[in-house]
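Here is a short report to read with the model open in your viewer. Have a look at the fold before going on.

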Amino acid sequence: MQDESLTGRRALVTGGARGLGLAMALGLARAGASVSLVDIDAEALDDARVRLAAAADATRAMARVADVSDEAAIRSAIAATLDAFGGLDVLVNDAGIGPPANGRSLFSNPEKFWENDLGRWRRTVEVNTMGSHMMAALAVPHMIAGGWGRIVNVTTSLNAMYMAGCGAYGPSKAALEADTAIMAKDLEGTGVTANVLVPGGPADTRMIPADSGIDRAQLIPPERMVPPVVWLASPGSDGVTGMRFQAALWDPALAPAEAAERAGAPAAWPQLGAQAIMPHD
């Protein structure tokens, strides 16, 4: 079985105070990584820091309040991570604004695109697309310098990208998906990879509101993200880039490489994803 130990690896997780981000951060810490959390919610972040320190130890856990759409703030967060851990190997871009933030309920009374508040629309793109892009652009030189690194971008299911009423959420995540495919190509030969990880359906987070009518027992637990993100952050995924993985399809009973084979497909769309690399050896 391929090595999934993350001992000595340094990770930064945005949107790490709750939901998918916190689940992935805890999983990375339990696998041996030092983890830096970034989130805009100071109160939730304090609670997350305590949980992270309990999952690992205080020397491998840190947290910083930052808005990922603020360049100065994320430069500062990256610098603090480098100072605390001595480097940065893994970036997980999970911070995001979901459809419920775009006005009326997506499920019972969705907004038409011409009804969207333009300020909310712009803010969603600034966080979901530009924020993730800036984090990657500012973090990746440190990975390239070390000859190894991982960018994991959390987008959404493809049908959610063009779902009626999804306002800015769908387009912002589609842009990040395409950006990931470009990152993977631009990073060829550097030892740094870029991939997409999605739940593979509605996840049990606050982005699915109580008025959705969806049985929460049918939602995907955030913890399903842990096995694939740990593998993506490990040496076991060396050479795998330009791919998207669905956590709901990941079978933890299988060897990680086989689970990845079954849960993965090229990132973005077929004509772009043809260049993706998924080793089979």
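What follows goes from the whole chain to a few selected spots.

## Ground rules

This is a predicted model, so local features need pLDDT of at least 70 and side-chain atom pairs count only at pLDDT 80 or more, while totals for chains, interfaces and linings use all residues. Residues are numbered from 1 along each chain as its sequence is written, and side-chain values use heavy atoms, with hydrogens and water left out.

## The chain as a whole

The secondary structure comes to nine helices and eight strands; helices (H or I, at least four residues) and strands (E, at least two) are DSSP runs, numbered from the N terminus. Of the 281 residues in the chain, 53% are buried. Here buried means under 20% relative accessible area, exposed means over 50%, and partly exposed is in between, with a 1.4 Å probe and protein chains only.

Now for contacts, meaning heavy atoms within 4.5 Å. Taking the contacts with a separation of 6 or more, 71% are between residues 24 or more positions apart.

## H3 against H4

Two packed helices are described by the angle between their axes and the distance between the axes. For helix H3 (residues 71–85) and helix H4 (residues 118–146), that gives an angle of about 30 degrees and axes 10 Å apart. The axes are lines fitted to C-alpha atoms, for helices over the stretch in contact, and angles run from 0 to 180 degrees between N-to-C directions. On the H3 side, Glu71, Ile74, Arg75, Ile78 and Leu82 meet Met134, Met135, Leu138, Ala139 and His142 in H4.

Thr81 also belongs to H3, and at 0% relative accessibility Thr81 counts as buried. Not counting residues up to four places away in sequence, Thr81 touches Leu12, Ser36, Met62, Gly86, Gly87 and Leu88. Between the C-alpha atoms of Thr81 and Ser34 there are 9.6 Å in space and 47 residues in sequence.

## Aromatic rings

A search of the whole structure turns up four aromatic pairs. Rings of Phe, Tyr and Trp (its six-membered ring) pair if their centres lie within 6.5 Å; planes under 30 degrees apart count as stacked, over 60 as edge-to-face and the rest as tilted. One of the pairs is Trp231 with Phe245, edge-to-face at 5.8 Å centre to centre and 75 degrees between the planes. Trp231 lies in helix H7 and Phe245 in strand E7, so this pair ties together parts 14 residues apart in sequence. Trp231 is buried at 2% relative accessible area, and Phe245 is buried at 0%.

Trp231 also pairs with Trp250, this time tilted, at 5.7 Å centre to centre with 50 degrees between the planes. Trp250 sits in the loop between E7 and H8, 19 residues from Trp231, and both Trp231 and Trp250 are buried. Put together, Trp231, Phe245 and Trp250 form one aromatic cluster.

Leu197 is in strand E6 (residues 192–198) and is buried, at 0% relative accessibility. Beyond its neighbours within four places in sequence, Leu197 has contacts that include Met24, Val152, Pro228, Leu232, Phe245 and Ala247. Its C-alpha is 5.6 Å from that of Arg244, 47 residues away in sequence.

Pro228, in helix H7, is buried with a relative accessible area of 1%. Leaving aside neighbours within four places in sequence, Pro228 is in contact with Leu197, Ala247 and Trp250.

Which residues of helix H8 (residues 256–263) are buried? They are Pro256, Ala259, Ala260 and Ala263. They cover an arc of only 100 degrees around the axis, which puts them on the same side of H8; the arc is that of the directions from the helix axis to the C-beta atoms. Their cover includes helix H7 (226–232), strand E7 (243–246) and strand E8 (264–266).

Leu249, in the loop between E7 and H8, is partly exposed at 46% relative accessible area. Not counting residues up to four places away in sequence, Leu249 touches Arg224, Arg262 and Ala263.
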